[in-house]
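Visitor: I have a structure open and would like to learn how to read it. Could you walk me through some features?

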Amino acid sequence: MLEASTILKERDFKVEEPYGRQLEELIADCNQYLPTFDEAMIRHAFKLSYWAHRNDRRASGEWYIAHPIAVARIVVREIRLDDVSVGAALLHDVVEDTDLSLEIIRAEFGEEMALLIDGLTKIRGIYANRALGQAENVRKLILSMAQDVRVIFVKFGDRLHNMQTLGSLPPAKQLKIATETLMLFAPLAHRFGLQRIKSELENLSLKVLEPEAYSSIVLGLRESKQERDSYINQFIVPLRERLQQYGFEFDIKGRSKNIYSIFHKMQAQNKPLEAIYDVFAIRIILKTRGQKGKEDCWRVYSIITDLYKPLPERFRDFISVPKSNGYQSLHTTVLDADGRRIEVQIRTEEMDEIAERGMAAHWKYKEGVNKADTKMDQLLNWVHDLMENPDSEQATEFVQEFSLDLYTDEIYVFTPRGDLKTLPKNATPVDFAFQIHTDIGFHCIGAKVNGKMVPLSYKLRSGDQVEIITSKKVTANPDWIKFVVTHKARSRIRHRINEERRAAVRYGRQLWEKKAKRAKLSVSEEELVRLAAQFKYSTLAQMFYEIASGLLDVQDLIQYMRTGDAPESVDIDAPTESGITFRETAQYKGAETLLINGERIKGLATVYASCCNPIPGDAVFGYTSKAGSINIHRTGCRNAAHLLVNYPDRIQSCAWSRQKDVRFVVGLRVVGEDRVGIVHDLTTVISRNLKTNIRSMSVRTEDGFFEGTIILHVSDLQHLKRLIGRIRRVESVRGVYRFEE
């Protein structure tokens with residue numbers, strides 16, 4: 001490591017363009033967005049970072065200093081916390097990547113900066129070993145927030161810029177980073193209330209994982225922009241006039257929802273873009289503050305509902321009861337004169353800044369000089385609670401449930417004493433019990449909601465008062481895992497289940513050893529592992545567990561070890577890849593259809609996963625199975641996150657090459673108005689006009705509408721697009737969607 005004196009001697013150097021200009025732009029940003037800042041400290045941090053990275057380049061070929069400058073500008077413009085965070089953004093990679101030590105940072109900038117850089121360096125080290133696939137690594141990341149929450153704010157800036165410049169990396173690495181971003185960083189940004197950062201992270205991830213869907217939505221929004229802008233203006237004009245008449249100071253604007261949320265709605269509702277009604281919303285931002293601002297929001301709501309008919313079931317009051325990340329706003333959906341729906345959001349400028357910048361904005365709006373902040377305290381308490389006793393053996397589930405905990409809508413329920421508790425939507429009394437205390441959750445035997453007994457699987461609603469009945473004589477029921485929704489409840493129940501399972505595995509091993517000894521069999525551990533595989537068990541522990549549970553008779557194993565004959569009830573075969581199912585017949589030579597890592601590899605067994613049915617033209621990746629074949633998945637496959645995060649060393653870059661008369665199975669769902677001859681017209685278009693083979697077809701009708709499921713054989717994505725386009729032109733067809741088999 002270099003000594004501080006060496007750095008001091010070499011500090012006088014010239015900063016080349018364009019980086020000198022970018023430094024001045026950063027200083028200008030600080031002047032605009034930070035109430036106060038130490039300009040000399042930021043310039044000093046920049047020069048030290050510039051010198052430390054003087055010989056480093058990024059994957060794109062540009063000098064590395066461009067990255068810390070970009071991260072610092074994101075921290076200033078989007079998060080606007082303080083000058084120490086800006087300095088940390090400029091220096092966030094120096095200890096990890098250069099000769100500068102933490103001691104030099106401490107000597108040059110003080111203890112506060114050193115702690116931030118140390119936290120950022122530790123987070124960076126998490127990714128060195130299988131990244132975020134292991135729950136222990138996720139815990140380290142989240143726990144860093146409890147040391148100094150600014151660490152994660154700077155990390156958001158780092159991740160956002162990395163996503164913005166992802167195109168320079170190899171495809172397999174792009175997929176892995178995009179998956180991590182969508183699983184962890186986007187939901188974390190949501191939890192912190194950083195809506196703009198969260199939206200951009202989601203959109204950039206979707207661009208990598210579902211490029212076709214992303215491009216289609218972008219094109220659709222671009223083509224409908226003129227019509228959409230005209231409609232928004234038409235809607236806003238009478239509203240603006242009425243608000244001005246009542247003397248309000250305000251801004252009013254229309255905005256499109258983010259591309260990822262539109263994609264999510266299309267998937268959830270099985271509808272094309274043109275059938276999603278709420279792709280944009282009207283936002284009214286009032287320039288009054290404090291209590292008067294809240295009162296004005298309600299007055300504006302009254303004016304809107306005088307002009308337009310509201311839909312009561314779509315009203316949300318986040319002003320009286322803010323979200324856990326501090327978000328406040330009134331949401332309502334109204335109908336215009338033509339019966340079209342449009343969402344309207346009403347908030348003050350203060351609420352709008354907190355909505356965009358979340359927890360970071362709380363520092364700006366906190367009362368007095370006390371740094372204790374209720375919302376931030378709640379968030380850090382959530383972090384500590386999340387870290388308590390999670391089960392490290394369930395890595396993928398941990399990450400997925402953690403993401404759900406971050407994203408989900410919230411409800412607000414009360415204890416018998418009237419204390420307010422925030423829970424995810426669809427939470428049950430068991431979730432509530434674990435929220436109060438782990439012991440109450442484990443010993444819960446019943447619940448009263450609003451004074452009446454309800455099942456423990458009952459879905460709570462906002463405003464419910466919940467009383468939990470407990471007994472020390474009972475403990476958690478494994479069946480609860482089927483209906484609880486909070487990470488805390490699931491992790492505690494799973495931890496208890498796993499403790500019991502481990503005890504059962506030990507007991508099963510003892511039974512085997514006892515009976516094998518009585519039968520005078522001597523079996524090595526390696527032979528036992530092979531035996532378990534032959535009996536279709538993924539692990540030896542699973543076999544011992546079934547012995548303890550009475551599902552497998554030890555005598556059957558002993559018989560097989562002696563004679564090689566299995567009982568008729570036992571089907572001996574090699575186990576399949578755990579958790580992943582594949583189409584049995586879809587095996588082709590990779591050289592005909594795919595390039596693996598840019599090369600044609602003859603004779604390589606290629607399996608097209610039935611969980612997502614990839615076809616030529618889809619964005620795909622390869623996963624090397626234990627058997628040595630390459631399993632091909634679409635990047636948006638439901639199994640992609642599990643594979644990309646947990647097995648990055650087995651992921652292969654894949655691209656389609658020209659195939660020779662190969663057909664791939666794809667599923668289409670067709671919906672529309674029922675009429676005589678619709679089935680005939682569909683089959684004519686598909687089979688006769690487009691010469692496409694139909695493997696199966698089913699149609700059901702109800703209340704004048706039909707829904708059909710058609711399984712087809714296609715050659716590639718272009719073939720599929722032609723099919724979808726032609727089917728959409730069939731009379732009375734209203735939608736055609738691809739789905740996985």
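Guide: Gladly! Let's start with a side chain: that of His92 reaches the backbone oxygen of Ala89 at 2.6 Å. This is a polar contact, meaning a pair of N or O atoms within 3.5 Å; within protein, one must be able to donate a hydrogen and the other to accept it, and residues adjacent in sequence count only if both atoms are side-chain atoms. Please keep in mind that the model is predicted: local features need pLDDT of at least 70, side-chain atom pairs count only at pLDDT 80 or more, and totals for chains, interfaces and linings use all residues. Residues are numbered from 1 along each chain as its sequence is written, and side-chain values use heavy atoms, with hydrogens and water left out.

Visitor: With which side chain does the side chain of His92 make a polar contact?

Guide: With the side chain of Asp93, at 3.1 Å.

Visitor: Where is His92 placed, and is it buried or exposed?

Guide: Buried means under 20% relative accessible area, exposed over 50%, and partly exposed in between, using a 1.4 Å probe and protein chains only. His92 has a relative accessible area of 4%, so it is buried. His92 sits in the loop between helix H5 (83-91) and helix H6 (94-97). Helices (H or I, at least four residues) and strands (E, at least two) are DSSP runs, numbered from the N terminus.

Visitor: Which residues is His92 in contact with, leaving aside its neighbours within four places in sequence?

Guide: Contact means heavy atoms within 4.5 Å. The partners of His92 beyond those neighbours are His67, Pro68, Val71, Ile117, Leu120, Val154 and Asp158. Take Leu120: it is 28 residues from His92 in sequence, while their C-alpha atoms are 6.2 Å apart in space.

Visitor: Now for sheets. What is the order of the four strands in the open sheet that contains E18?

Guide: Two strands pair if DSSP finds at least two bridges between them. Here the order is E19-E20-E18-E21, with antiparallel pairing. Strand E19 (693-702) and E21 are the edge strands, each pairing on one side only. On average, neighbouring strands are turned by 20° against each other, direction ignored. For such angles, axes are lines fitted to C-alpha atoms, for helices over the stretch in contact, and angles run from 0 to 180 degrees between N-to-C directions.

Visitor: How many bridges join E18 to strand E20?

Guide: Ten, linking E18 to strand E20 (residues 705-714). Phe664 stands opposite Val714 in E20, and Val671 has Glu707 as its bridge partner there. Strand E21 (residues 733-739) is joined to E18 by six bridges; Gly672 is partnered by Val733 in E21.

Visitor: Why is E18 largely enclosed by the rest of the structure?

Guide: Because nine of the ten residues of strand E18 (residues 664-673) are buried.

Visitor: Which strands does helix H29 lie across?

Guide: Helix H29 (residues 678-689) lies across E18, E19, E20 and E21, running at about 160° to E19. Helix H30 (residues 717-728) also packs on the sheet, touching E18, E20 and E21, and its direction makes about 160° with that of E21.
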